Amino acid sequence: MIERAESLVRDNPFMEFRLDYLSQPMTGLPKLRSFLEMHPEATIIATCRRAVNGGKLKGTVAAEVAVLLKAADLGFQLVDLEFQSVQALKATDLQELSNRVGLIISHHNFRATKKLEEQFEEMSRYPADFYKVVSTATNLYDNVVMMKFLEAHSGKHEMVGLCMGEQGIISRVLGVRAGSIFTFGAATRGEETGPGQVTASELRDVYRIDSVDAATQVYGVAGDPVEHSLSPVMMNAAFRRETVNAVYLALHAKSLKDLLACVRDIPIRGLSITMPYKQAIVAELENSDPLTRQIGACNTIVRSLEGKLYGFNTDVAGVVVPLEQRLHLAGARVLIVGAGGVARAAAFGLKAKGAEVFITNRTAEKGQTLARQAKVKYLKRPDVAKHSFDVIINATPVGMGNGKASPLEEKELNTKYLFDLVYVPAETKLTKMASAKGIQVIPGLEMFVQQGARQFEIWSGKPAPVAEMAYVVTKALERRTAEESAAEPATATRKTIRPTARRATRPAAKKPTRKTVKAARR
Ligand code: NAP
C-alpha cells in the first residue's frame, strides 16, 4: 500500500487508503505514519469497510471505529464510515470520532439506484463533514436520478455521489458538475475498489474531469456493448486539441427507450450511435440528411437546445474519404463484401460519388436487396474471382478478433486497393494476403478516424484534428494489444518508486473543508 501510494502521490495528492484491504489493519497502520509525515501536502481518507457493507474487514463496528480512530491519531484528515456502522454507534462515540477527524458518512447500494432521498434524510440526521451516497446504475437514467439528487442537496450539504456499475460512467464524470465535491478513480487498471470505477489518470487525461464545469457540453457514444469503444479516447483528444469545452462519454444503453429518456434529461449535445441502434434510432429523429434517410441508418446525432434530434451518417465519409485521398471515385470499380449497415453506407456513398459499385454477400438475398435499393450490381460469390476491381472493401466482421479468418480467397483479390474495415486487429489474414500480392492496403482504422472526424466537425463547426485523432487511437490500440498479450499485469516494484527526497513532519491534521478538498482534488 505504501509503495503504491508513493508512486501515485505526486500526481494524486488526494487519496483514499482502503485499510480493510490489509490483513491486519491495526498492526499495519503505524507503518503508514512515515508516509503521512513525508507527505504533509497529501489529503488522505481512511476507510475500513466491513464485509457486510461490501468491504473486506471481517470484524465488528467497534473494530472498524477503532481502526479509524487510530488513523485519525496518525494524521489521516478524513475517515469514511458506513451509515450502518454510524447507526450502531453510541452518539458519544460518533461525536468523539467527529471531533478528532473529518467525517464522511457513506451509504453504498450495490444493487440499484433507489430511495436516495429517504436514505439521505436518515443520514443527514447525523452530523458529518461530508455525506457520500453511492448507488448502482442498472440503466443510464439512474445517472440522471443521481445527478438530480446531488443538485438538490449540494447547496446545503457537502455531498459526494456517484453510480457504480458499467452504466454509471456519466455520474462519475458529470457528478462533480452536479455538486459532488469529489469522485473516485482507481489507482491503476485492475485495482478498482468499486464496480465500474475508471482509473484516476483516465478521469483526468481522457475525460478531463478537472475542467468539467457548468458550461461543459456533453457528447457520447451510445450502444450495447460499448465498453471497449475507442471513441472516448479519440473524441476527447480532439476536443482537448481544439480547446472545445466538451466531454465525450461511453453510454452503455441496454435499450433505446433508456437512452432517449437520458438524452431528454441530460443536455447531451451530440451522440455517436453504434450497434445495435443505428437503424432503430432513425424513427426517433426530427430530421436527417437525405443520404441517412436512403441508407436507413444513422450513426451521428445532433441534439438541438430544445431537445430535437437530427441525424447524420458519417460512416459514408469514413469509407469515402480514405478512398478519395488515393483515387478518383468517379468510374472506379469497387466491390463491397457484405450487406450490413456499413456496407449500406458504403454502397450509397460510393454510388453518389459516381463509382461503379458491386456487392457480394454471404446471404445472397440480402445482398441483392441492397444492390437493388442502391442501384448497384450484385455479384454471385463464384463470379468474384472472374472480375478485377480498383477497390475491394471488406464490410463484414470476418477477421476480427484473432484475425485468422478471411472473407475472400487469395484468387479473388484482383484489385489495386484493399480496404479492410476491420481494425482490431490492425493486420488480418485478408490484409496480409493482399500485401503479399502487392495490393495497397487501407487499414480499417482510417474509416474509424474519418467517421469520427466528420462527427467532430458536425458538432463543433471546427476542422477535426485528424492527425491527433489517428495518433491517440493507434496508441490506444497498441496499449490494448500489449495489455492483452502481457502474461501478467505490470506492478510497481521498489525500483520504480523514487523515494521522496523531502522529509517533513506532518502537521496536526486539520479537518478538510469543501475548499481544501476541492483544492486537493485538483
Ligand atoms: P452488420 O450490419 O452486422 O453486417 C455484417 C455483414 O457481414 C453482413 O452482410 C453479414 O452477412 C456479413 N457476415 C457476417 N459474418 C460473416 C461471415 N462469417 N462470413 C461472411 N459474411 C459474414 O455489421 P456492420 O455494422 O455492417 O459492420 C460490419 C463490420 O464493419 C464490423 O464487424 C466491423 O468490423 C466493421 N466496421 C468498421 C468500422 C470502422 O470504423 N473501421 C465501423 C463500423 C464497422 P449476412 O447478410 O449473410 O449475415
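Predicted model: local features only at pLDDT ≥ 70, side-chain atom pairs only at ≥ 80, totals over all residues.
1. Two packed helices are described by the angle between their axes and the distance between the axes. Helix H15, residues 341–352, packs against helix H16, residues 364–374, at an angle of about 30°, and their axes are 10 Å apart. Angles under 35 degrees count as roughly parallel, so H15 is roughly parallel to H16. The crossing of H15 and H16 is right-handed.

2. On the H15 side, the residues in contact are Ala 343, Arg 344, Ala 347, Phe 348 and Lys 351; they meet Leu 370, Gln 373 and Ala 374 of H16. Sorted by class, this contact of H15 with H16 has five nonpolar, one polar and two charged residues.

3. The second pair is helix H11, residues 231–241, and helix H19, residues 444–460, with an angle of about 45° and axes 11 Å apart. That angle makes H11 oblique to H19. The crossing of H11 and H19 is right-handed.

4. H11 contributes Ser 231, Met 234, Met 235, Ala 238 and Phe 239 to the contact, while H19 contributes residues including Phe 448, Val 449, Phe 456 and Trp 459. The contact of H11 with H19 has eight nonpolar residues, four polar ones and no charged ones.

5. There are 20 residues around the ligand, and Ala 339, Val 342, Asn 361, Thr 363 and Leu 421 come nearest. An N or O atom in the side chain of Thr 363 is 2.5 Å from an oxygen atom of the ligand. For Leu 421, a polar backbone atom is 2.9 Å from a nitrogen atom of the ligand. A backbone N or O atom of Gly 341 lies 3.0 Å from a ligand oxygen atom.

Methods:
Residues numbered from 1 in each chain as written. Heavy atoms only, no water. Axes fitted to C-alpha atoms, helices over the stretch in contact; angles between N-to-C directions. Helix = DSSP H or I, 4+ residues; strand = E, 2+ residues; numbered from the N terminus. Parallel < 35°, antiparallel > 145°, perpendicular 65-115°, else oblique. Left-handed = near helix turned anticlockwise from the far one by under 90°. Contact = heavy atoms within 4.5 Å. Nonpolar A, V, L, I, M, F, W, Y, C, P; charged D, E, K, R; others polar. Near = heavy atom within 4 Å. Polar contact = N/O pair within 3.5 Å; in protein donor to acceptor, adjacent residues only side chain to side chain.
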